[in-house]
Amino acid sequence: MTAAAGRVLAAAVTSAVDVPAVPRCMMDGYAVRAADSGPRRLVGAAYPGRPFSGVVHDGECVRVTTGAALPTGAEAVLMAELADAAGDTITARSAVPAGKHVGRVGEDVAAGREVLPAGRVLRPQDVGLLASIGVSRVDVVRRPRVAVLATGDELLPPGSTPDGSRIVDSNSPMLAALVARDGGDCEPTRYLPDDFDTTHAALRDATADVILVTGGTSVGTEDHAPRALADVGELAVHGIGVKPAGPTGVGFVGGRAVFLLPGNPVSCLCAYDLFAGRAVRRLGGRPVALPYRSAVLPLAAAVASAVGRVDYVRVRVEGGGAVPLGGGASNLSGAVVADGFALVPAAREEMAAGEAVEVWFYDGP
Ligand SMILES: Nc1nc2c(c(=O)[nH]1)N[C@H]1C(S)=C(S)[C@@H](COP(=O)(O)OP(=O)(O)OC[C@H]3O[C@@H](n4cnc5c(N)ncnc54)[C@H](O)[C@@H]3O)O[C@H]1N2
Ligand code: MOO
């Protein structure tokens, strides 16, 4: 069942049983009849899993520990600290009303109650609760499989040292971490040279639910992905009013969603978060909205934008304000020092210092 934590429940779970199944003692002490007063004779003991087999009558009591089934006939538990024991005679220092320190049947979970709805992302305590009602297997939504096709003759796989004009692929490990966060599973990255036929074949042969292509999305002579996708499937969108991430493309091959993510690492991050991540989350049964907590903060400085374009602005939070950071789309360090990002709406040409802006925090929900 531990493996179910973090997964999305496919169907609601209803409890077939009461928890607890019997009235239980909530304190260490003595199980007594409430109407009874005066000294009581100790007639036995009950422990969790080892109930008292007799019946408690007036003038009697049974030693109990927390979690023991309340013995038949008993109505309350007298806490050990409130009792004086002299041999087998137990005297209460104060009255014990019926029901005192007794957990009722089904007080945790009543039989017939829906304990977890479909679509729930299972938390550790959910898994524990499922175990407590005797459920050892649940149906969960399959994790979407995601293929990453990293294009570029210049790329060296992670683990390499940058070598002159050859750079180390930073997009794939970042995407694998983003996909894992969103409940998907990335296949090992496929490295593709800047070549139309290879890109075309890789798109045609991919079997994953979602295909992420990084690099080669723009209009350069070596940018083959848009044409390859248009030829092998459908290029529904190419070029969006978002900066960075302008060359992003979206399409399909044989019913699989394909996202063309720009090679510049910050653009890749932005395009994944604003577009591809939604598909991964949706296919895995999770909420599609950005998985980031947000807060409305005043901008510490003006931000220039353009009408018709959404700007993805990395910000640091300082003194309660959002400080816009510079740094281009090719410099991932800008997104590393940022606490989060703000989006300048398409209708705005700029945002002024002091204006309230919604900041999405990279650190998560
Ligand atoms: N004439 C134009 N040139 C460019 C335009 C444009 O509209 N007209 N758009 C610019 C924008 S915006 C971006 S973003 C980039 C998009 O480039 P591509 O998606 O075609 O990506 P590449 O050219 O292959 O690479 C860009 C840049 O990113 C580096 N890169 C690529 N893959 C990775 C990776 N896996 N890990 C790390 N870095 C990677 C690559 O080496 C390049 O430096 O195009 C502009 N040009
Ligand atoms: O997507 Mo590009 O990053 O605007 O340079």
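The model is predicted, so local features need pLDDT of at least 70 and side-chain atom pairs count only at pLDDT 80 or more, while totals for chains, interfaces and linings use all residues. Residues are numbered from 1 along each chain as its sequence is written, chains are lettered from A and ligands numbered from 1 in the order in which they are written, and side-chain values use heavy atoms, with hydrogens and water left out.

Let's start with ligand 1. It has 19 residues around it, and Glu-154, Asp-169, Thr-217, Ser-218 and Gly-263 come nearest; being near takes a heavy atom within 4 Å. Polar contacts are pairs of N or O atoms within 3.5 Å; within protein, one must be able to donate a hydrogen and the other to accept it, and residues adjacent in sequence count only if both atoms are side-chain atoms. Oxygen atoms of ligand 1 sit 2.7 Å from a side-chain N or O of Glu-154 and 2.5 Å from one in Thr-217. A nitrogen atom of ligand 1 is 3.0 Å from a polar backbone atom of Ser-170.

Asp-194 is buried yet has no salt bridge, and the nearest side chain of opposite charge, Arg-166, is 9.6 Å away. For the terms: buried is under 20% relative accessible area, exposed over 50% and partly exposed in between (1.4 Å probe, protein chains only); a salt bridge puts a side-chain nitrogen of Lys or Arg within 4 Å of a carboxyl oxygen of Asp or Glu; and Lys and Arg count as positive, Asp and Glu as negative, with His and the chain ends not counted.

Now ligand 2. Around it are Pro-244, Ala-245, Gly-246, Pro-247, Asn-264, Ser-267 and Ala-329. An oxygen atom of ligand 2 is 2.2 Å from a side-chain N or O of Ser-267, and one is 2.4 Å from a polar backbone atom of Ala-245.

On to the salt bridges, of which the whole structure has 16. Asp-126 and Arg-120 pair up at 2.8 Å, N to O; Asp-126 is buried at 5% relative accessibility, whereas Arg-120 is partly exposed at 24%. Finally, Arg-181, Asp-182, Asp-273 and Arg-281 are linked in a salt-bridge network.
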